Amino acid sequence: MRIATWNVNSIKQRVENLTAWLKERSPDIVCLQETKCVDDAFPREPIEALGYNVAVHGQKTFNGVAILSKYRFDEVTPGLPGDPEDDHARFIEAVISAGSRALRVASIYLPNGNPVGTDKYPFKIKWMERLYHYISDRLKLEEELVLAGDYNVIPAPEDVHNPAAWIDDALFRPQTRESFRALLALGLTDSIRATSDAPGLYTFWDYQAGAWQKNQGLRIDHILLSPRAADRLVSAGIDRHVRSWEKPSDHVPVYADLDLN
DNA sequence: ATGGCCAATATGATTGGA
């Protein structure tokens, strides 16, 4: 079972890259972020033609998440609980049956939080607190739970090309990393870090300033696993070559392979 | 050495992203 996450930065602009990558990598489940379109406008057909079911939670212009699955959806629930005022499309959860097993998967687009000093940063931190409560609740079920997405969190200095330059940024400042560590401390496993301690395993390179050419990236897209799912982890990786394709997203896909047999 | 982009919007300037 291959599960992936990819912030596509507009699904309409990325359909060709997405379908090419689906053919190349054959993931079973894909969590997408920043689809940036309303549900009726989501280009389902070319994805369904490759054998995927599609669950979307979008909005006009910004945000937007989706889950693609080669297996059927038993349940689909949009929205992170805990704040009726939050109308951002940043979260969708699905229960997926794969053979005799069921898997709970969430596609997560955590707020950026910049600039720090505006209300965007407390919105990010509160969103992380809501995510903490959601995860605490779900872990009681002792399921195979996969939380995949763009967390907008650089977990550690080895996950950014120049840590000193990022110390006050909403993606890396100490309070952000502390909130992320609190999520992990609930008992989650970071798939990439479970399989490698190498520095420079980036998932995002800014469009600006030749960041890709200079390999000035960030690791901010993560696949977090519940204990039951982590027991099944076989390998994980980052498809960085996709960043060099024509018309790339600024993020690349991250995937984890689980042995559910 | 420095700076460099991209997407959506009724759109040609602004906002958001990271």
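Two residues count as in contact if their C-beta atoms, placed from the backbone, lie within 7 Å. The model is predicted. Chain A holds 7 helices and 14 strands. Its C-alpha atoms fill a box of roughly 45 × 45 × 40 Å along the principal axes. A compact globule of 261 residues would have a radius of gyration near 18 Å, and the 17 Å of chain A agrees with that. Of the 261 residues in chain A, 42% are buried.

An open sheet of 6 strands runs in the order 5-6-7-8-12-9, with mixed pairing. Strand 5 (73–78) and strand 9 (189–190) form its edges; each has a single partner strand, so one side of each is left without a neighbour in the sheet. In general, strands of a sheet pair through backbone hydrogen bonds, either parallel or antiparallel. Strand 9 runs antiparallel to strand 12 (residues 221–225), and 2 bridges join them. Threonine 189 stands opposite leucine 225. Aspartate 190 has leucine 224 as its bridge partner. Strand 12 also runs antiparallel to strand 8 (residues 145–150), here over 5 bridges. In that pairing, valine 146 stands opposite leucine 225.

Strand 12 is largely enclosed by the rest of the structure, because 5 of its 5 residues are buried. In a regular strand the side chains alternate between the two faces of the sheet. Both faces of strand 12 are covered. Asp221, Ile223 and Leu225 are buried on one side, and His222 and Leu224 are buried on the other.

A further set of pairings involves strand 14 (residues 254–258). This strand is mostly covered, with 4 of its 5 residues buried. Strand 1 (residues 2–7) pairs with strand 14 in the antiparallel sense over 4 bridges. Arginine 2 stands opposite aspartate 257 there. Strand 13 (residues 233–238) also pairs with strand 14 in the antiparallel sense, over 5 bridges. Leucine 233 stands opposite leucine 258.

Nonpolar side chains tend to be buried together in soluble globular proteins. The largest nonpolar core of the model has 68 residues. Those with the most contacts inside this core are Ile3, Ala66, Ile67, Val105, Val146 and Ile223. Strand 7 contributes the largest share, 5 residues. Isoleucine 3 illustrates the packing. Leaving out residues up to four places away in sequence, isoleucine 3 touches Pro27, Asp28, Ile29, Val105, Val146, Ala148, Ile223, Tyr255, Ala256 and Leu258.

Glycine 58 lies in the loop between strand 3 (53–57) and strand 4 (65–69). Beyond its neighbours within four places in sequence, glycine 58 is in contact with Thr35, Cys37, Val38, Asp39, Phe42, Gly64 and Ala89. Its C-alpha atom is separated by 29 Å from that of glutamate 178, a residue 120 places away along the chain.

Most residues other than glycine have a negative phi, and most peptide bonds are trans. Serine 26 has a positive phi of about 50° although it is not a glycine. Serine 26 sits in the loop between helix 1 (11–25) and strand 2 (29–33). With 11 C-beta neighbours inside 10 Å, serine 26 counts as exposed. Asparagine 215 likewise has a positive phi, near 55°. Its loop joins strand 10 (204–205) and strand 11 (217–218). Asparagine 215 is exposed, with 12 other C-beta atoms within 10 Å. The peptide bond from asparagine 114 to proline 115 is cis, with omega near -5°. Proline 115 belongs to the loop between strand 7 (101–109) and helix 3 (120–139).

The model also includes DNA strand B, which 23 residues surround. The closest are Ser10, Asn112, Tyr207, Ala209 and Gly210. By class, the surface near DNA strand B has 7 nonpolar, 10 polar and 6 charged residues.

How values were computed: Residues numbered from 1 in each chain as written. Chains lettered and ligands numbered in written order. Predicted model: local features only at pLDDT ≥ 70, side-chain atom pairs only at ≥ 80, totals over all residues. Pairing = 2+ DSSP bridges. Near = placed C-beta within 6 Å. Nonpolar A, V, L, I, M, F, W, Y, C, P; charged D, E, K, R; others polar. Buried ≥ 20, exposed ≤ 12 C-beta atoms within 10 Å, placed from the backbone. Rg over C-alpha atoms; globule rule 2.2 N^0.38 Å. Core = buried A, V, L, I, M, F, W, Y, C linked by C-beta atoms within 7 Å.
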